[in-house]
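Please look over the sequence and the model first.

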Amino acid sequence: MEMSIINDKPDVHWDDIAGLKGAKRALQECVLLPAKFPNKFTGIRQPWRGILLYGPPGTGKSFLAKALATEAESTFISVDSAAIMSKWQGESPKQVKELFWLAHKRSPSVIFIDEIDSLVGARGDNDGAGISQVKTQFMIETQSLGKKENGVLLLGATNLPWNLDVAILRRFEKRIYVPLPDKEARMTLFKLKLSTLPNAFSDENYQDFANQCQGYSGSDIDVVIKEAAYQPMRECHQADFFHLDKDGNYSPVLAPCPKCPGSASVGDVCSFCEAIRMSVFSVPPDNLKEPDVSVKHVFQALKKINPATGKNVLDQYDTWTNKFGESGIL
């Protein structure tokens, strides 16, 4: 389990995460303030011992955990649920025990368990002996967190909070909803990601992109931007003619002039516009000048890529938050 300790900071900072102001503030209040002013967080104000981040896939729960790991002066132990489960009888409960033993040994510490619902989901008749033992051991270990000043925080993340065992849910005193990005956050995501590519987008363009992708998660927007980034190379692939500039670079001719011969052989040059009949695969690797990513490319991508989370699921998150959670929206 030593391998799960993050010794090097992930280099993800709060400002790297678009939006989620409420979730970031809640984590700072729950973890960073008590670490900075321990004498102020005693008695009834003692630090929270269990925090659950929940929300749709791709909204930044893992990034929040990484930012916390970067900023916190604590040992950060990150483990995936799958790393705990073992095919050997009795090994998984030992892994759980070892995880918490390690956290106590290296305290102050934060244990981050991603997809925690797959580890301690709701109890059912189909639970095998191994799963039941894991849940029981988890209950035993987490019960001690609130009983003494042990300097261990349990941070869980899940896309399916309603699948968690009710008894386990009580161990997470704070349950923070990590929602889909709002318009401002969506604009920021487009600006951050597209700034790495040549473009001439205006603020008005970014507003249009954000308006068109309401209901998209951060990971959905990543896919949209990746698809848009592919469009210039797709145009190069589809081009039959290229222009050669004075620097020796080839750019695709997207609309050949009327005199470009459709039946020209490879290597033939148009006598009017000097476009060369050739395939992109004939262009030297270092001499291709693809078009900039344009507004048209982004909107083409938005037409292709749909959000992964439907309205019925978002309604389910709202219902669960009203019953058990805390909104991460300011």
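## Asp165

Which backbone nitrogen does the side chain of Asp165 reach? That of Ala167, at 2.9 Å. Asp165 sits in the loop between β5 (152–158) and α6 (166–169); helices (H or I, at least four residues) and strands (E, at least two) are DSSP runs numbered from the N terminus. Its relative accessibility is 5%, so Asp165 counts as buried (under 20% relative accessible area, 1.4 Å probe, protein chains only).

The model is predicted: local features need pLDDT of at least 70 and side-chain atom pairs pLDDT 80 or more, while totals for chains, interfaces and linings use all residues. Residues are numbered from 1 along each chain as its sequence is written, and side-chain values use heavy atoms, without hydrogens and water.

## Nonpolar cores

A nonpolar core is a set of buried Ala, Val, Leu, Ile, Met, Phe, Trp, Tyr and Cys residues joined through side-chain atoms within 4.5 Å. The largest one has 29 residues, and Ile113 and Phe138 have the most contacts inside it. Elements giving it two or more residues include β2 (50–54), β3 (75–80) and α11 (311–324). Its largest share, five residues, is from α4.

Beyond neighbours within four places in sequence, Phe138 is in contact (heavy atoms within 4.5 Å) with residues including Val96, Phe100, Ile113 and Leu154.

## Helices α8 and α10

The axes of α8 (residues 203–212) and α10 (residues 295–304) come within 11 Å and cross at roughly 5°. Axes are lines fitted to C-alpha atoms over the stretch in contact, with angles from 0 to 180 degrees between N-to-C directions. The two helices, α8 and α10, are therefore roughly parallel (angles under 35 degrees).

Note on methods
Buried < 20%, exposed > 50% of the residue type's maximum accessible area, 1.4 Å probe, protein only. Polar contact = N/O pair within 3.5 Å; in protein donor to acceptor, adjacent residues only side chain to side chain. Parallel < 35°, antiparallel > 145°, perpendicular 65-115°, else oblique.
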